[in-house]
4 protein chains.
Amino acid sequence: MAHKHGHARERIQFANAEDKQEFSKFPTKAGRRSLSRSISQSSTDSYSSAASYTDSSDDETSPRDKAQVNSHGSTDFCVKNIKQAEFGRREIEIAEQDMSALISLRKRAQGEKPLAGAKIVGCTHITAQTAVLIETLVALGAQCRWTACNIYSTQNEVAAALAEIGVAVFAWKGESEDDFWWCIDRCVNTEGWQANMILDDGGDLTHWVYKKYPSVFKKVRGIVEESVTGVHRLYQLSKAGKLCVPAMNVNDSVTKQKFDNLYCCRESILDGLKRTTDIMFGGKQVVVCGYGEVGKGCCTALKALGAIVCITEIDPICALQACMDGFRVVKLSEVIRQMDVVITCTGNKNVVSREQLDRMKNGCIVCNMGHSNTEIDVASLRSPELTWERVRSQVDHIIWPDGKRVVLLAEGRLLNLSCSTVPTFVLSITATTQALALIELYNAPEGRYKQDVYLLPKKMDEYVASLHLPNFDAHLTELSDEQAKYMGLNKNGPFKPNYYRY
Amino acid sequence: MAHKHGHARERIQFANAEDKQEFSKFPTKAGRRSLSRSISQSSTDSYSSAASYTDSSDDETSPRDKAQVNSHGSTDFCVKNIKQAEFGRREIEIAEQDMSALISLRKRAQGEKPLAGAKIVGCTHITAQTAVLIETLVALGAQCRWTACNIYSTQNEVAAALAEIGVAVFAWKGESEDDFWWCIDRCVNTEGWQANMILDDGGDLTHWVYKKYPSVFKKVRGIVEESVTGVHRLYQLSKAGKLCVPAMNVNDSVTKQKFDNLYCCRESILDGLKRTTDIMFGGKQVVVCGYGEVGKGCCTALKALGAIVCITEIDPICALQACMDGFRVVKLSEVIRQMDVVITCTGNKNVVSREQLDRMKNGCIVCNMGHSNTEIDVASLRSPELTWERVRSQVDHIIWPDGKRVVLLAEGRLLNLSCSTVPTFVLSITATTQALALIELYNAPEGRYKQDVYLLPKKMDEYVASLHLPNFDAHLTELSDEQAKYMGLNKNGPFKPNYYRY
Amino acid sequence: MAHKHGHARERIQFANAEDKQEFSKFPTKAGRRSLSRSISQSSTDSYSSAASYTDSSDDETSPRDKAQVNSHGSTDFCVKNIKQAEFGRREIEIAEQDMSALISLRKRAQGEKPLAGAKIVGCTHITAQTAVLIETLVALGAQCRWTACNIYSTQNEVAAALAEIGVAVFAWKGESEDDFWWCIDRCVNTEGWQANMILDDGGDLTHWVYKKYPSVFKKVRGIVEESVTGVHRLYQLSKAGKLCVPAMNVNDSVTKQKFDNLYCCRESILDGLKRTTDIMFGGKQVVVCGYGEVGKGCCTALKALGAIVCITEIDPICALQACMDGFRVVKLSEVIRQMDVVITCTGNKNVVSREQLDRMKNGCIVCNMGHSNTEIDVASLRSPELTWERVRSQVDHIIWPDGKRVVLLAEGRLLNLSCSTVPTFVLSITATTQALALIELYNAPEGRYKQDVYLLPKKMDEYVASLHLPNFDAHLTELSDEQAKYMGLNKNGPFKPNYYRY
Amino acid sequence: MAHKHGHARERIQFANAEDKQEFSKFPTKAGRRSLSRSISQSSTDSYSSAASYTDSSDDETSPRDKAQVNSHGSTDFCVKNIKQAEFGRREIEIAEQDMSALISLRKRAQGEKPLAGAKIVGCTHITAQTAVLIETLVALGAQCRWTACNIYSTQNEVAAALAEIGVAVFAWKGESEDDFWWCIDRCVNTEGWQANMILDDGGDLTHWVYKKYPSVFKKVRGIVEESVTGVHRLYQLSKAGKLCVPAMNVNDSVTKQKFDNLYCCRESILDGLKRTTDIMFGGKQVVVCGYGEVGKGCCTALKALGAIVCITEIDPICALQACMDGFRVVKLSEVIRQMDVVITCTGNKNVVSREQLDRMKNGCIVCNMGHSNTEIDVASLRSPELTWERVRSQVDHIIWPDGKRVVLLAEGRLLNLSCSTVPTFVLSITATTQALALIELYNAPEGRYKQDVYLLPKKMDEYVASLHLPNFDAHLTELSDEQAKYMGLNKNGPFKPNYYRY
């Protein structure tokens, strides 16, 4: 396989059809979304905001061809430039300030070292926030080898900082497809060290181990997976009876869902639109397609800043919620001519069709907050009668023959990943959930978890939440014995039935 | 059993201990709440708002001792005064204007008469809204006999209007306990008519049939129950293996939950406080105990009107939501001295204790939106050193020896039931759900439903919602075939997995 | 002049044309509004909410024909029933709890008795809140004689409580026109007592003194007037060179304007609609005519509760504000067919015409928050083809031949005066402003105020505000000497230029 | 005078004391703020966002030393690089899309050329938005010569585009102080062309003409000035009897004030904080110092996004508004330890003192939205015991000896100028106002305007607003003849008295 750069492809081809069938099917339920998706979907997305803090030196030598050594003499890593370690350390320290839950977890669990003996191989975005997670795992006793789940998202200086303190990191920004699998392989396949825990984001690492080193699973106590796609793959393995270790689905934990979707989108929709277009929100007519958690977050923020928002929905229950929340529920075709901004949040495809793009007014902004890059039919815009003009990074003007311009953001990819930043606090919640899931699986008595996919116990969800309350100086109330008895609850939780909707 | 009036008791005594054990346990989960509760809990609550439109004539003759006949010559009913029928008809017509979903259901299903042959015995609040439900059932082919689930809540003129058109109604405002059971008995035990469907609210009717006429269940195709308490009783029967027909739990359907709790409380907290105290919300310091759906609704409304709101929580996940929504999370004792208003929404008991009442500032308003009347320790205020002064209906000043006054609303009972009205639209959702549940159970092929408690299928939930969209002139979007396939959905729903949180 | 009851007339006829010309012209500027208007406009408005706490005994004897004496032996008053004094006292005490600014003023100024020697004749609404004002004036040294500015608004029990402590009150609920002027006369024309200050609301007292006892003005140090109409009359007198004492316009002070309009309407629109119609706000389509302070208050509240609000405007600046605040700006005719609620806030006439009423959909609610009762063309509805049905107090259904019903509230009179309560806190601001204006005029060195109409000095406005801050436990920051110098301000204010818009 | 770069100085020294006295005094009223301030205050502020679209080539030759010619052969300009004209043209075209009011003004007034014969010399920020203004003036018949009011804010490519179409532009990004005055001089002092109108922003151009070419005023019909400082200077000249032509104060027009302050800050506070710190707003404790229009805008936005906001105020009226709007009013010292973010909006100095900076918690973000760079005592932080660390552009960490970090944005300069963009729409309002003011002064019949400072007539304010309504598809309602008469208004406005507060 040659070094090929990934821009043009949407999906990595697996070697044989069977693999493909096993791993490539998309998740089919709406309303789910993850910041972290497998290379199949998102390893080609660029991270503009991350990018801006990242070295863009013109050193074109492939890291695979460089000989590097950290200050402790180790060469068991492969990063862009080990000399960036100090800069990376500062980024990690900044991230730590908003990730006090993990720091707190370090302190609480450090004495007992609940991960002593754990050998974790990880495949995630490599950012300052991930570094705080990895260093937490190390502080709790684990050994870690790490690689990137996305060929563009690695912060090189952070990777350098991790390599400098002895974590075996294999990752850099701008990997080729071949580099991607080479890095994964280097993490897994090393002399004298065998992983007993897997932390995955997208399922590519898990897949690689299945294909190349199935014997590793004999020692693995569990897999922790955080992405929609990766979780989907695991459920398929489970259904097919091929899952041979317990797996923890951290994607669907309440705190992650609400923060990733409702709260995070509430903030990032404004940021993404502002950074790209300098739009004034007051008085703008906006249609939001889809009133799931993502749509709810977008609508809340836009309405609060003075936009006039209407929504489209296919589900009458969500539509009724939109009504009660004060949004007109319309068909896109009824309003498309008047809209200043069109935002898709559906998880569906071709929600904004060429026909609707044709009817938009001059200057209309179109973007996607939902899922992958299928919601807007961008392909239909790549036709000879239309002119594309790149006016800023992530901003294209599509110009119709009559001079009408439509402003397309991020070429229809996820706006908040492409054009805004994700608050560290949100990432902290996910990272803390991952750490607890690893501790749970690693320390569970034999037999508690079978070869199946589990959700984090609600009590642990509540523990994740509780670790984040000090950030807000929030003070929980404790049940009295009498009250606990009256409610039929344990004083320490869990406090809600599993089906509780929050 | 003598005619005793119900004010002093909180709970009806069953004849033997076994009954009591079976039926009397309270629901133990927080975050659930119903407008309609069994006589065990709520038949003694007064409905001030309903009351205000109701005849308060000083005719003291018991309806049981009167001979009344409607204009068609029927005497198979027992109401306060059949002559109020015309006034009641007007109230029903007003209610119909906001219950177009039921009217629409009448039209859609009227041709096929899906309830032809159904003999429904019902026990619910008897209000104009219930009348719209009952008349819908009749329009769909059913015969109905009806009684009240609450000794105070009957709108006499509405009962008269129903009796006038031939519904066998046995109910009036201000029944004694003996009257209550007599009415139920008259509904069930009648010559030449045997119920084959039960619609219950609180479980008292179901209980009566179990005790007195168990053979009725041989013909009954199902029970539809809408209250927290009634549903709890059914689950206990089911667990004990004693449930002998299918039952439908309409209390936990999404639309009912969200409307009854989040949206309805969002409106009624303002209304309840305003009608009782004429309070100005702007700038008031308010603590809301509990950030479940009820608390969320209260907080949203109060914040929107300029109150400064903080919350107390025992559950770290809800606490984290409160933080993200912009509310300080505190312990009650930390803030109690500064608060202008204290609102309980927990489902728990003694959330506001005497100690905290002692520390409140002069003029502090205390009320309960949550559950029953246990949340505020009202009993502790009935002590000799404190003076109670009734300043308005539902408003007491409790006066401390130093002159400090605390303003207690509705004696700690549910504020929105006691001091505000429930929007017809909310009741429409519940009533439509009940009608669909009856249709579903009555028409289900043998074997689809066992002797167990079921939730309404999600598709029917969605149908209930869709029937209410025209009220808002909301237009749903339809999936294309291609989109439905991509999403893995049926074009007609259901659109979400069962665990979806909305 | 015979005893005629006031329902049918809108305006009292003056004896000759000149009078009429002088006093009857309406204020012509939009955006101003007062809770208290002259008998010419509003003495016929009924105060339903006040009414509900007021004795409705069937004692039909005119108070003028009764001999009453208070417990101190005085007979210098005329009220409905002196025996209601104790009940009235309790209402006053309740009001005092929310009027701590006046209580605080009493304490601060009580030592120096700044109104010692003042003889104040007053003509205002007589409510518990006014009583707190009057008793404050007395505490500061004044003697007071008082009458009502509105024939319906007097709280009889409060009048009794005032009479009981020796204030010469002449007022009752349900005065005839003749009674109205008789009461005014009894206040002014009394042996051995001559007013030196006038506190008026609507200008009728001032007018009476001008007509009947012009010599009184020789001793009067000033007039304090709070209503739009009364102020308008004063400016006309001033323009005509006929104003012979200084007058203080307290209607246009910032605090009064913002509280009476923006903040008070924000709360009362919800209350007024809820009490009359039990409407659910969520999802309702509402058009608000006029986006002045009143309209802004209404829109804010309705939007916050989930209504979908659009506005109509004639002024492009206010229209632009509406846009930026997130409201669509439309012509009424464009949207009238879709609206669930129509609210007028313009100060104009025939804003809702018969033609528009004809086009409304079934169940549409129409009400007026703006001014007088001219905004909705109610007269056009009194035609034979339409049926009026009174469904509740203040609620009429107007029924079209095809069965369509329009719900008209308060017959087009001010909704918040007719169907909701005014928070005591708002009245406290006005009352405090009145008290300070009286103190200022009474104590001003000769020559400071000429025979003209003045606004309260900004510093006094600020003082009124500062007296209300303790209600909110608000802590002001003080300028350092250095900062005051930098800002060019006095450390004690005033802090803003006169044209500051707030 | 040598070429000196301006970083180190805060204020330009005038030649003699008298000048200084005349021009240098700061505006002294709080609550006012302008995007455009004189060189005395702001010519040294950097415009980061503008900067990002501006050429940063390393061509170090001074434009004054270059010989450049546009494609029409003209050399009467001095810009960085005439070759950037095409890039600048695109920026202007993008700006035009959001400035349709000016385009519309061009169309409406183009036939009659109301500025035919006008020779305008202008001194403003030179941005794409200004270019749309200048080209509008040209389209209406004017000849223009233009220079920059700020040594850093010029968009070089826009200056080039203007020069290319024949406008005599003298400006570039990064002028020295000497360059600054040289450019002004070249605009004013040119052979065969004498200005008859002045458009100024900050008063430096006006000052230069006064000092060097006083005879120019013989032909000048008026000055239009938009900045706080420039207006202040004009009022001082007027007071001193030295103003020799009419001047129009466009700074204090309603639309400009509300948009520049309330609405613009509502959007830019979020943008500025997000771009610099990636902060998550939800649950953050924020104190906003000052509740004028700027503070109101900041508070609205932050609260809407879930921050918990309290405010500090010196003015009891604004404090009372804050209370009613739902914000706790505190002293800074009471809350400083708990705050996550501190924002100054006062117009005052040393609002955040070193003592308070010492007490902030680790990670606290401090920034200024108010005025100049005096609000935060930044100077006190430049002391040896504290370490400054520049972590990003415009973001410094100040590190205390114990490791505590305070995050200072833009070194205490205006956050929204330094770290966010100003929506084009806001600038459109200002530019339209300037254009109308020029037309009004240029065309006014002799004698209408004396040698004084005027506000734009309210009718013109309303016209500016009306020109912007089509952006929102807003439809104004027109008064009927009958209504206009009733209201005492002209159907075409003005619609409000001058003192109306909006």
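Predicted model: local features only at pLDDT ≥ 70, side-chain atom pairs only at ≥ 80, totals over all residues.
**Entry 1: two copies, one axis**

Residues are numbered from 1 along each chain as its sequence is written, and chains are lettered from A and ligands numbered from 1 in the order in which they are written.

**Entry 2: chain A as a whole**

I counted 19 helices and 15 strands in chain A. Helices (H or I, at least four residues) and strands (E, at least two) are DSSP runs, numbered from the N terminus. Of the 502 residues of chain A, 61% count as buried; that takes 20 or more other C-beta atoms within 10 Å of a residue's own, against 12 or fewer for exposed and partly exposed in between, with C-beta atoms placed from the backbone. Next I looked at contacts, meaning residue pairs whose C-beta atoms, placed from the backbone, lie within 7 Å. Among those in chain A between residues at least 6 apart in sequence, 75% join residues at least 24 apart.

**Entry 3: the listed binding site**

Which residues does UniProt list for "binding site" in chain A? Its unreviewed entry gives T127(A), D201(A), E226(A), K256(A) and D260(A). UniProt positions follow the numbering used here, feature names are shortened, and annotations may be inferred rather than shown by experiment.

I picked two of these to visit. E226(A) sits in the loop between β5 (222-225) and α10 (228-239) of chain A, and counts as buried because it has 29 C-beta neighbours inside 10 Å. K256(A) is in helix α11 (residues 254-277) of chain A. Is K256(A) buried or exposed? K256(A) is buried, with 23 other C-beta atoms within 10 Å. Beyond its neighbours within four places in sequence, K256(A) contacts V250(A), N251(A), I429(A), T430(A) and T433(A).

**Entry 4: a sheet in chain B**

I traced an open sheet of eight strands in chain B, in the order β9-β8-β7-β10-β11-β14-β13-β12, with mixed pairing. Two strands pair if DSSP finds at least two bridges between them. The edges are β9 (328-329) and β12 (387-392) of chain B, each pairing on one side only. β12(B) runs antiparallel to β13 (residues 395-399) of chain B, joined to it by five bridges. Along this pair, T387(B) stands opposite I399(B).

**Entry 5: where chain C meets chain D**

How many residues of chain C are in contact with chain D? I found 51, touching 50 residues of chain D. Several helices give two or more residues to this side of chain C, including α10 (254-277) and α17 (458-468). α12(C) gives the most, with eight residues.

Methods
Contact = placed C-beta atoms within 7 Å.
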